Amino acid sequence: MSFLELTDVQKRFGDTTAVEGFNLAAEKGEFVSFLGPSGCGKTTTLRMIAGFEQPTSGTIRINDEDVTYRSPNKRNVGMVFQSYALFPNMTVADNIGFGLKVRKRPKDQIKKRVAELLEIVNLPDKGARYPYQLSGGQQQRVALARALAFEPQVLLLDEPLSALDAKIRVALRHEIRSIQRQLGITTVYVTHDQEEALSLSDRVVVMSEGRMEQVGTPFEIYNFPSTAFVASFVGTLNVLPGVVVDASRGELTIAGQPVRLGHAFEGSAGREIRVALRPEMVQLGPGENGTNRLTGKVGDVSFLGSIVRIRLALGESGPTVVLDVFNEPTLRLPQLGDTATVRFPQDGPLVLDPKAPVESVEALIAEA
């Protein structure tokens, strides 16, 4: 039996369906992320688990107890909000111990638990300070400690790092994951940041327009996307138009240049399709026989720190291939306007579902 179960959960606001047919079974101690653009239903789903919203239909169970319509204070769930939501007139210690005080725990027990949590979140000497005396990252740690104070069965985090700068976000997300593993608490994390979801999670639920697009491990989500939306939303992606030559043999053309896949796919000869190719699958140079090659003109070279991103235009009005090259002092790069050849393995590309137009996918991503 799973520890946290959502079965056929739906949420409607008037004529608008915010969440539709949501099914999830999370094990005890599992870290699950809800990933998707703004308006996809991820926060609404989180709020239904917390009890701040009631499902229109479906059931929510925690540790085999039906909590679907139970009020927030009657379910043992801790929540960390995007805005911290700390009490400005209370010290850090009082903020952390507030939930225990409401539950009428003994003072010495509250004091001991607060001291433990200050150690866990690496703020052992900050108990007497007020929120305004802390940095954003420290305030978010206090909010996390407060959510953990009463030992909840499930921890919910609603985009907790979005207000922080990049370096602090990276450091704090590692701390969150470390604390979660240390305590073994079942955790649901909402984010629109794919890097956060992939680096933190045991499993990722990718959502779009209130629906679950795919559920899987970060490895599965990134390398084996099941829909065009997942393929486009998770990671940088080349989406290239192709024409089928012989689908049973995995043969097609891209910008008139022959390409062969390592597997058969569906489609009759002459049919237009779309092929997805990750930038890290593409390398400069023609390579050995057996690899696919595409030739075009260099349209852009961008330095992005540890990598250099190159854009190669396939023909005057053809598609563009993006590839990433690791940056190092002896790296020799092509110049703008140079003719260059790139290579990629036969098992690199994915044929996308033609029923899911990439234009609408890209529009949704732009709104995130």
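Where does Pro-37 lie? Pro-37 sits in the loop between strand S3 and helix H1 (42-50), where helices (H or I, at least four residues) and strands (E, at least two) are DSSP runs numbered from the N terminus. With a relative accessible area of 1%, Pro-37 is buried; the classes are buried under 20% relative accessible area, exposed over 50% and partly exposed in between, with a 1.4 Å probe and protein chains only. Asn-73 is 36 residues from Pro-37 along the chain, and their C-alpha atoms are separated by 30 Å.

The model is predicted, with pLDDT of at least 70 needed for local features and 80 or more for side-chain atom pairs, while totals for chains, interfaces and linings use all residues. Residues are numbered from 1 along each chain as its sequence is written, and side-chain values use heavy atoms, with hydrogens and water left out.

Side chains of opposite charge can pair when their charged atoms come close. The whole structure holds 15 salt bridges, each a side-chain nitrogen of Lys or Arg within 4 Å of a carboxyl oxygen of Asp or Glu. One of them joins Arg-203 to Glu-30, with 2.5 Å between the closest N and O atoms. This pair links distant parts of the chain, 173 residues apart: Arg-203 belongs to strand S9 (residues 203-208), and Glu-30 to the loop between strand S2 (16-26) and strand S3 (31-35). Glu-30 counts as buried because its relative accessibility is 10%.

Arg-47 and Glu-53 form another salt bridge, at 3.7 Å from N to O. Arg-47 is partly exposed, at 28% relative accessibility.

The largest pocket contains about 520 Å³ of space. A pocket is an open set of points on a 1 Å grid over the protein atoms alone, where a 1.4 Å probe fits, with protein on both sides within 12 Å along at least five of seven lines; lining residues have an atom within 4 Å of a point. Of its 19 lining residues, Val-77, Gly-78, Met-79, Arg-103 and Phe-150 are the closest to the centre. Strand S6 (77-80), helix H2 (92-102) and helix H4 (136-148) each give two or more residues to the lining. By class, the lining has 13 nonpolar, three polar and three charged residues; Ala, Val, Leu, Ile, Met, Phe, Trp, Tyr, Cys and Pro count as nonpolar, Asp, Glu, Lys and Arg as charged, and the others, Gly among them, as polar.

Definitions and conventions. Grid points are joined across faces, edges and corners, and a volume is the space filled by probe spheres set on the points.
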